[in-house]
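Let's get to know a protein model together, one question at a time.

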Amino acid sequence: LPISQFYSDHIARLAEKRGRDVASRRLDVSMRRARVLDQHFADAPAAVELVGAVLEEEPEHAGAVQYLEERVQQGALDFFPLLEAYYERKESWQQFVQLLQLKLNQTAETELRRDIYVRVADALDGHLNAGEMAFQALARAYQENRADLELMDKLEGLVEKYNEIGRAHV
């Protein structure tokens with residue numbers, strides 16, 4: 001009996017039972033299966049799917065979040081979207097920005113980097129009220145693509161916004 005089939009059968013048996021303890025055990029088994037698929041079979045997409053299903057059922061599952069954080073620190077790009085969504089849902093903006101900055105270190109493609117910088121700037125400006133840092137992130141996005149006029153408008157809008165705020169406090 002292959003190990004993946006063993007986990008599938010075990011999860012199916014637990015799903016037939018009822019109760020909070022059984023549900024918790026089923027989620028824990030799903031997380032073990034995700035780890036095995038990821039670490040021993042190099043099947044990150046299947047692991048991401050399982051971890052996502054665990055978080056969908058129990059959004060605060062500590063083991064799932066911890067595993068995502070570990071894999072992201074190791075540079076496993078497949079796991080970034082789930083952790084990004086988790087931090088956004090929790091409104092953990094500082095962690096969200098740090099995660100995006102880590103993602104930048106793993107991303108070489110110019111257009112993807114531009115999009116990440118824009119997301120960093122939006123979080124810094126919209127949720128952390130860090131205008132100068134948001135401006136720096138947008139400036140870096142602009143450096144990735146100097147032909148992006150929409151981005152230039154966004155930069156100018158950010159400058160105007162914080163100039164107005166500065167004038168109001170003087």
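Here are some questions and answers about this model.

This is a predicted model, in which local features need pLDDT of at least 70 and side-chain atom pairs count only at pLDDT 80 or more, while totals for chains, interfaces and linings use all residues. Residues are numbered from 1 along each chain as its sequence is written, and side-chain values use heavy atoms, leaving out hydrogens and water.

Q: How many helices and strands does the chain have?
A: Helices (H or I, at least four residues) and strands (E, at least two) are DSSP runs, numbered from the N terminus. Along the sequence, the pattern reads α-α-α-α-α-α-α-α-α. The count is 9 helices and 0 strands.

Q: What percentage of the chain's residues count as buried?
A: A residue is buried when its relative accessible area is under 20%, exposed when over 50%, and partly exposed in between (1.4 Å probe, protein chains only). Of the 170 residues in the chain, the buried share is 41%.

Q: Which residues have the most contacts inside the largest nonpolar core?
A: A nonpolar core is a set of buried Ala, Val, Leu, Ile, Met, Phe, Trp, Tyr and Cys residues joined through side-chain atoms within 4.5 Å. The largest one here has 45 residues. Helices H2 (20-41), H3 (44-57), H4, H5, H6, H7, H8 (131-144) and H9 (149-168) each supply at least two residues of this core. Those with the most contacts inside the core are Val51, Val72, Phe79, Leu83, Val120 and Leu138.

Q: Leaving aside neighbours within four places in sequence, what is Leu83 in contact with?
A: Contact means heavy atoms within 4.5 Å. With those neighbours left aside, the partners of Leu83 are Leu68, Glu69, Val72 and Leu99.

Q: Which helices are included in what covers the buried residues of H6?
A: H6 spans residues 93-106 and reaches 20 Å from its first C-alpha to its last, close to the 20 Å expected at 1.5 Å a residue. That expected span is 1.5 Å times one less than the number of residues. The buried residues of H6 include Trp93, Phe96 and Leu99. Their cover includes H4 (62-73), H5 (80-90) and H7 (110-126).

Q: How do H3 and H4 lie to each other, and why?
A: The axes of H3 and H4 are 9 Å apart and the angle is about 140 degrees; axes are lines fitted to C-alpha atoms, for helices over the stretch in contact, and angles run from 0 to 180 degrees between N-to-C directions. Angles under 35 degrees count as roughly parallel, over 145 as roughly antiparallel, 65 to 115 as roughly perpendicular and the rest as oblique. Because of its angle, H3 is to H4 oblique.

Q: Which residues of H3 and H4 make the contact between them?
A: In H3, the buried residues include Val51, Val54 and Leu55. These three of H3 make the contact together with, from H4, Ala64, Val65, Tyr67 and Leu68.

Q: How are H7 and H8 arranged relative to each other?
A: H7 and H8 pack with their axes 8 Å apart, at an angle of about 165 degrees. Among the residues that meet are Val120 and Ala121 in H7 and Ala134 and Leu138 in H8. The two helices are therefore roughly antiparallel.

Q: Does Ala134 count as buried or exposed, and why?
A: Ala134 sits in helix H8. Its C-alpha atom is separated from that of Val120 by 7.1 Å. Because its relative accessibility is 0%, Ala134 counts as buried.
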